[in-house]
Amino acid sequence: MLPTDTALVLFSGGQDSTTCLAWALANYARVETIGFDYGQRHAVELTVRPALLEQLRAQSADWNGRLGEDHMIDLSLISRISQTAMTHDIAIETQANGLPNTFVPGRNLLFMTVAATVAYRRGLTVLVGGMCETDFSGYPDCRDDTMKALQVALNLGMDTRIKLETPLMWRDKRQTWELARQLGGAALVDLIRSDTHTCYLGERGELHDWGYGCGTCPACALRARGYRQFVGAET
Ligand code: ZN
C-alpha cells in the first residue's frame, strides 16, 4: 500500500470495524468512513459511531489530520426484502442449510458495492472492511474469495482500480485485540472495549471486562472469548 492512497472504511461502530479504522488511519493519507442503517436490531451500534470517531480524533493528532468525512447511508430496504434474525424479532437459530439465521443474504456484497459507488464519487482508491474468515459465523460473504471476486467485478463494472482490503481476514478475535494494541496502545484497547458495540441483541446494560453486551449471543460469545485469550485469562 502507498501512504498516498486514500481509503473508505466500512465503519459500523463494532470492535472489528473500529480496529480496521485505526489500521487505515495508520496506513493511508486520507480516510473517510461509511455506515449503513439497514434496520438492524442492534441499531445501537449506529449511535456509538459519532462518539467513537471523536475519541479516535482525540487519541492522535495524526489520526485527526487524516480522518475525513463520515457517510451514513440508509439501506433499510434490506430489512424489507429479507427476513433474518438480524433485522427481525425472531430467535437466533441455525437454518437447514447450516447457516445461522443472523446471516443477511447479500449484505456485504451490497455494502461493498455501495461503498465503491461512494468511493468513486469521492476519489478514494481503497475500501477497507472487517470481514474475517477465521472467526466468522460461517457467513459466505465474509470469505476471502468472495471479496476478491467482488473486487474484480466492481473494477470491471466501473472501470476503476479500487482495492478491497480486509486486514482482519486471517486474524482471530484475540489477534484483532492485539492489532488494536499495536496500532493505538492501551488507550485504543480501552476505547474499543468500552465504546464499541458488537452484541446482536443491542444489549448495553452492563460493562463486562470485554465490553457491553448480553454475553450469550454468538457475537458476544466470540468477543468475550477473544478478549479473555488476549489478556491471558483463557487459552
Ligand atoms: Zn450479545
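This section describes the overall fold, the nonpolar core, the zinc site and several individual residues of a predicted protein model. Because the model is predicted, local features are reported only at pLDDT of at least 70 and side-chain atom pairs only at pLDDT 80 or more, whereas totals for chains, interfaces and linings use all residues. Residues are numbered from 1 along each chain as its sequence is written, and side-chain values use heavy atoms, with hydrogens and water left out.

The protein chain comprises eight helices and seven strands, where helices (H or I, at least four residues) and strands (E, at least two) are DSSP runs numbered from the N terminus. The radius of gyration of the protein chain is 17 Å, close to the 18 Å that the globule rule gives for 235 residues, so the chain is as compact as a globular protein of that length; the radius is taken over C-alpha atoms, and the rule is 2.2 Å times the number of residues to the power 0.38. Along the principal axes, the C-alpha atoms fill a box of roughly 45 × 40 × 30 Å. Buried residues make up 49% of the 235 residues, with buried meaning under 20% relative accessible area, exposed over 50%, and partly exposed in between (1.4 Å probe, protein chains only). Of the contacts in the protein chain with a separation of 6 or more, 67% come from residues 24 or more positions apart, a contact being heavy atoms within 4.5 Å.

The largest nonpolar core has 65 residues, and those with the most contacts inside it are Leu21, Leu127 and Val128; such a core is a set of buried Ala, Val, Leu, Ile, Met, Phe, Trp, Tyr and Cys residues joined through side-chain atoms within 4.5 Å. In soluble globular proteins, nonpolar side chains tend to be buried together. Leaving aside neighbours within four places in sequence, Leu21 is in contact with Val9, Phe11, Val31, Thr33, Leu53, Leu56 and Leu67. Thr19, placed in helix H1, is buried with a relative accessible area of 1%. Not counting residues up to four places away in sequence, Thr19 touches Leu168, Thr176, Leu179, Ala180, Leu183 and Ile192.

The zinc ion has as its protein donors Cys199 (SG), Cys214 (SG), Cys217 (SG) and Cys220 (SG), which lie 2.3 to 2.4 Å from it; donors are N, O and S atoms within 2.8 Å of the metal (3.2 Å for Na, K and Ca), and since water is not among the atoms, sites may look incomplete. The angles among the four donor atoms run from 105 to 116 degrees, and the site is tetrahedral, a label applied to four donors if all angles lie between 85 and 135 degrees. Along the chain the donors follow the spacing C-x14-C-x2-C-x2-C. Cys199 lies in the loop between helix H7 (173-195) and strand S6 (207-208), and Cys217 in the loop between strand S7 (211-212) and helix H8 (218-230), so the pair ties together parts that are 18 residues apart in sequence. Both Cys199 and Cys217 are buried.

Helix H8 has 13 residues and reaches 18 Å from its first C-alpha to its last, close to the 18 Å expected at 1.5 Å a residue, the expected span being 1.5 Å times one less than the number of residues. The buried residues of H8 are Ala219, Cys220, Arg223, Ala224, Gly226, Tyr227, Gln229 and Phe230, and what covers them includes helix H1 (15-27), H7 and S7. Ala219 is buried with a relative accessible area of 10% and touches Thr198 and Tyr200, not counting residues up to four places away in sequence. Just after H8, Gly232 takes a positive phi of about 85 degrees.

In helix H5 (residues 107-122), the 16 residues should span 22 Å at 1.5 Å a residue, which agrees with the 22 Å between its end C-alpha atoms. Among the buried residues of H5 are Phe111, Met112, Val114 and Val118, and the helix is followed by Gly123, whose phi is positive, near 70 degrees. Val118 is also in contact with His71, a residue of strand S3 (residues 67-74) that is buried with a relative accessible area of 6%. The C-alpha atoms of His71 and Ile34 are 4.5 Å apart in space, although the two are 37 residues apart in sequence. Asp159, by contrast, is exposed with a relative accessible area of 72%; this residue is found in the loop between helix H6 (144-158) and strand S5 (163-165) and has a phi near 55 degrees, a positive value in a residue other than glycine.

How values were computed. Four donors count as tetrahedral if all angles lie between 85 and 135 degrees; four count as square planar and six as octahedral if opposite donors are over 155 degrees apart and all others between 65 and 115; anything else is irregular.
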